[in-house]
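Here is a briefing on one protein model, written for quick reading. Please keep the structure open alongside the text.

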Amino acid sequence: MTSQSDITKQIRQDMNRQKAIVDADPWRLHYHLMPEVGWLNDPNGAVQFNGTYHIYHQYVPETPNGGRTHWGHKTSQDLVHFTEEDIFLSPTESFDTDGVYSGNAFVHEGQLHFFYTGNVKQPGDHDYTYSGREQNTVHVTSTDGFSVDSREVVIPHADYPDEYTDHIRDPKVFQHEETFYMILGARKRSNTGAILLYESSDLSNWSLSGEFIEGTEDEGYMWECPDYFAVDGQDILILSPQGILPTTYQYHNPHAACYILGAVDWDEVRFERSTDFRELDRGFDFYAPQTFEDEHGRRIMWGWMGIGDTEPEYLNPTVARGWQHALTLPRELRVVDGELRQLPLPEYNILRQNHVTHQWTVDGPTEIEGLSGEVYEMMIQLEETPDDFSLTLRQDTVIEYADGLLTLKHGPSGYGRRKRQIELSELTELHLFSDTSSLEIFINHGEYVLSTRVYPEPGEDQIVFAGQAKLAIHKWDLQRTTT
């Protein structure tokens, strides 16, 4: 059997041959995490361990089109500057031969425990939903987060309940009092989503408890990447439903990322919802988020700044240049007035340079002298909610607010991305992070967020205001953290 070190060595040789083309791409991001080469998707195993931040992710270095996934690995001391580490896990075993799928990290008694889904596709005439697929839950231990000490199947696919399809994956482990719990995203044979619950006393032997929560026919057919935690005294469940039905302004991506507020009934160990689904990010490119609590007690979330099944509506032109996708900026989660807020981390302030500030009254099309850029952070405070206001960025991206509706629109640089809209009774702040080929827009102190990839031509750096509004503007160029 090929060892992890041999696989890593071969991949590194192949990657070195591709890197010259990839590194020359002007759309390579300056301060976001992305694959060295090839394909990146779900964040996995996010954890702070002995002071070091670790983020693992789904990774296919061989091709930008995806395939048999590994776990890529990056580390940081400050959540801003990251070091690319060797691949942590590869599909080397009979129980994960078609991919080391998503999972999480859990710290217990000074040791790291990782749980992931080992994906196997049996040969033959199968649909791989109702037959032919194994998704085994695998437990990995590590003393340092870099090397694997043990790897074992703790829930083989054959042990899952019969009323579920072959799609059961993405373990998340947490502890309540003396018991360890694991939740798994699942698709029932009735084509509704659910989250299965297992429990353990030792992290190795797991028994089925039932369903943590189940969905309705309008809430998607498969619930991926579940994540349970509490913030500011509020229990929160995050999940990524596939096939949720769109409404007028929500769920326009084929797969969405959502949260539900509620409370766990610890007698029955069931999540009792107090709200309907709420979409976590209202942009084009956000999926499969994962959270962790750092040593400061903050709940921090990364998302995959990408999404599956977007073609033919929109696509990513970096595929032709040997790479695809990135992670969002890490965001702190807080609960304010019964709403989940997402906030940029203050650590990123160290990248700021060339501060520009203006007080400005916009009355019609307005360009402010000295205000332009490609890679920057910009905060716009509005004195009062305008009746009509717009902001044009980069090549042809427009953010506009009118009649209680905020709209993000892309032109040709969106490569098929068109518009996303949010009903908004007031607009008091826009906080933008622009990178070479991405935008993250935080609205009203994190009440809403829109994340999107965008691919303007180099040098397209316009910032143009229109409508009527009184603004206080702060803008900083952001230093590069990637190489």
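## Largest pocket

The largest pocket holds about 870 Å³ of space. The model is predicted: local features need pLDDT of at least 70, side-chain atom pairs count only at pLDDT 80 or more, and totals for chains, interfaces and linings use all residues. Residues are numbered from 1 along each chain as its sequence is written, and side-chain values use heavy atoms, with hydrogens and water left out.

- A pocket is an open set of points on a 1 Å grid over the protein atoms alone, where a 1.4 Å probe fits, with protein on both sides within 12 Å along at least five of seven lines.
- Grid points are joined across faces, edges and corners, and the volume is the space filled by probe spheres set on the points.
- Lining residues have an atom within 4 Å of a point.
- The lining of the largest pocket counts 39 residues. Nearest its centre lie Trp39, Asn41, Tyr101, Trp304 and Gly308.
- Two or more lining residues come from each of strand 1 (38-49), strand 5, strand 6, strand 7 (133-142), strand 9 (164-176) and strand 13 (219-231).
- Strand 13 gives the most, with four residues.
- Strands (E, at least two residues) and helices (H or I, at least four) are DSSP runs, numbered from the N terminus.

## Sheet 5-6-7-8

- Four strands make up an open sheet in the order 5-6-7-8, with antiparallel pairing. Two strands pair if DSSP finds at least two bridges between them.
- Which strands stand at the edges? Strand 5 (100-108) and strand 8 (150-155) do; each has a single partner strand, so one side of each lacks a neighbour in the sheet.
- From one strand to the next, the twist averages 25°. Axes are lines fitted to C-alpha atoms, and angles run from 0 to 180 degrees between N-to-C directions.
- Seven bridges link strand 5 to strand 6 (residues 111-121) in the antiparallel sense. Asparagine 104 faces phenylalanine 115 of strand 6 across this pairing.

- UniProt lists residues 368-465 as "domain: Glycosyl hydrolase family 32 C-terminal", in an unreviewed entry. UniProt positions follow the numbering used here, feature names are shortened, and annotations may be inferred rather than shown by experiment.
- The span 368-465 is 0% helix and 54% strand, and its end C-alpha atoms lie 9 Å apart.
- In strand 31 (residues 429-435), seven of seven residues are buried. Buried means under 20% relative accessible area, exposed over 50%, and partly exposed in between (1.4 Å probe, protein chains only).
- Both faces of strand 31 are covered. Glu429, His431, Phe433 and Asp435 are on one side, with Leu430, Leu432 and Ser434 on the other.
- Strand 26 (residues 376-382) runs antiparallel to strand 31, joined by six bridges. Methionine 378 stands opposite leucine 432.
- Strand 32 (residues 438-443) also pairs antiparallel with strand 31, over six bridges. Leucine 430 stands opposite isoleucine 443.
- A hairpin of two residues connects strand 31 to strand 32.

## Cysteines

- How many disulfides are there? The count is zero, where a disulfide is a pair of cysteine sulfur atoms within 2.5 Å.
- The nearest cysteine sulfur to that of cysteine 225 belongs to cysteine 258, 12 Å away.
- Cysteine 225 counts as buried because its relative accessibility is 8%. Cysteine 258 is buried too, at 0%.

## Helix 1

- Asparagine 16 sits in helix 1 (residues 4-23). At 47% relative accessibility, asparagine 16 is partly exposed.
- Asparagine 16 and alanine 469 are 453 residues apart in sequence and 51 Å apart in space, C-alpha to C-alpha.
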